[in-house]
Amino acid sequence: MKDGREVLSSLVSSQIALHAAHGGVVPDLAARAHLEAIGPVVDEALTAVGGWGSIDAVAVTRGPGLAGCLLVGTLYAQGAAVARGLPIVGVSHMAGHVYSAWLSDTSLEPPYLALVVSGGHSDVVELRDHGDAVRLMSTRDDAAGEAFDKAARLLGLGYPGGPLVERAARGGDPARFPLPSTRLPDAMSFSGLKTALRYTIRDLGSDALTAEGTPRDFAVVSDLAAAFQAAVVGQLVHALSVCADRRGAERLVVVGGVAANTALREAVRGHFAGLPVTVPPLLLCTDNAAMIGAAGWHRLRLRGSDAAGISVDPTLDQYA
Ligand code: KG4
Ligand code: ZN
């Protein structure tokens, strides 16, 4: 990263194929795969900018996430920073998502409202100023991405669920199987929707289901996927709308892996037609290091380098 906003080199090493065989993320396998990938990926990313000699500072994710994976990253980054005498900052993964919008849209400055929707989080956050964020709303139970992943399993679509549900929903009829559209005044909730999907599938009857209990007929899968996606998207737009009204927001962004969802992107743009809405390109929506660089650049500028011994925090609750 240069000056926090210019991406000179960005690589993502995906573990999707590794975990797909197990239907979800296996923590021990994830940490081991991190350990194997981190050296080669960092080396390759640095090749494009002339190696470590051109680096002035290091940013690394310290949470939230799986402890084993966070340890691999922070220990590697601290080793590299100490060896070369570079400043280092520990960054929140969620701050990275909030800053992915700032990174992708050079006209965007705080204050702005962010709908942060990933595999582990569904939040509405206000970035009041650089380094100063407050969470306005979050989910009571499952995250939106987690809900997509569970729905995909119930529908027999595989892992990761979001893109597969989105693809299956294309051309589906969202009205054929009514699913509840949850609307809470101060929170989001996706577990009731998931249970409703489970019972709707069960009630199709055993003749309509495979031995694994998933619908045989792809038209049914497609209609259920469309109904599920519409229910999730409707609730997310509602949550963002409640917070935007309450705060009198003038700029909105949608970030995190679920922001890759076309139906969500279009629904937000349609609903808030009068407000500028930033949704980063797909590669900045799903997990990436560039967004950590952007959030880290502000953190270093505002708070200076962290002391030696950055600790990981698997439940870190920080958005800037
Ligand atoms: O931000 P992210 O890459 O990783 C986490 O920090 O969790 O988000 C991953 C989540 C997964 O649950 C995945 O199913 C979901 O984002 N996702 C999607 C789509 N692409 C990824 N959900 C809905 N539609 C998509 N196209
Ligand atoms: Zn993420």
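The model is predicted, with local features needing pLDDT of at least 70 and side-chain atom pairs counting only at pLDDT 80 or more. Residues are numbered from 1 along each chain as its sequence is written.

Let us begin with the helices. Two packed helices are described by the angle between their axes and the distance between the axes. Helix H5 (residues 144-154) and helix H6 (residues 161-169) have axes that come within 7 Å and cross at roughly 60°. The crossing of H5 and H6 is left-handed, meaning that the near helix is turned anticlockwise from the far one by less than a right angle. On the H5 side, the contact (heavy atoms within 4.5 Å) is made by Phe148, Asp149 and Ala152, and on the H6 side by Gly161, Gly162 and Val165.

Now turn to strand S4 (residues 122-129), where you will find Glu126. Glu126 counts as buried because its relative accessibility is 8%; buried means under 20% relative accessible area, with a 1.4 Å probe and protein chains only. Its side chain makes a polar contact with the side chain of Arg247 at 2.7 Å, a polar contact being a pair of N or O atoms within 3.5 Å, one able to donate a hydrogen and the other to accept it.

Our last stop is Thr278, in strand S7 (residues 277-278). Thr278 also counts as buried, because its relative accessibility is 6%. Leaving out residues up to four places away in sequence, Thr278 touches several residues, including Ala101, Leu108 and Val254.

Conventions. Chains are lettered from A and ligands numbered from 1 in the order in which they are written. Side-chain values use heavy atoms; hydrogens and water are left out. Axes are lines fitted to C-alpha atoms, for helices over the stretch in contact, and angles run from 0 to 180 degrees between N-to-C directions. Helices (H or I, at least four residues) and strands (E, at least two) are DSSP runs, numbered from the N terminus. Buried means under 20% relative accessible area, exposed over 50%, partly exposed in between (1.4 Å probe, protein chains only).
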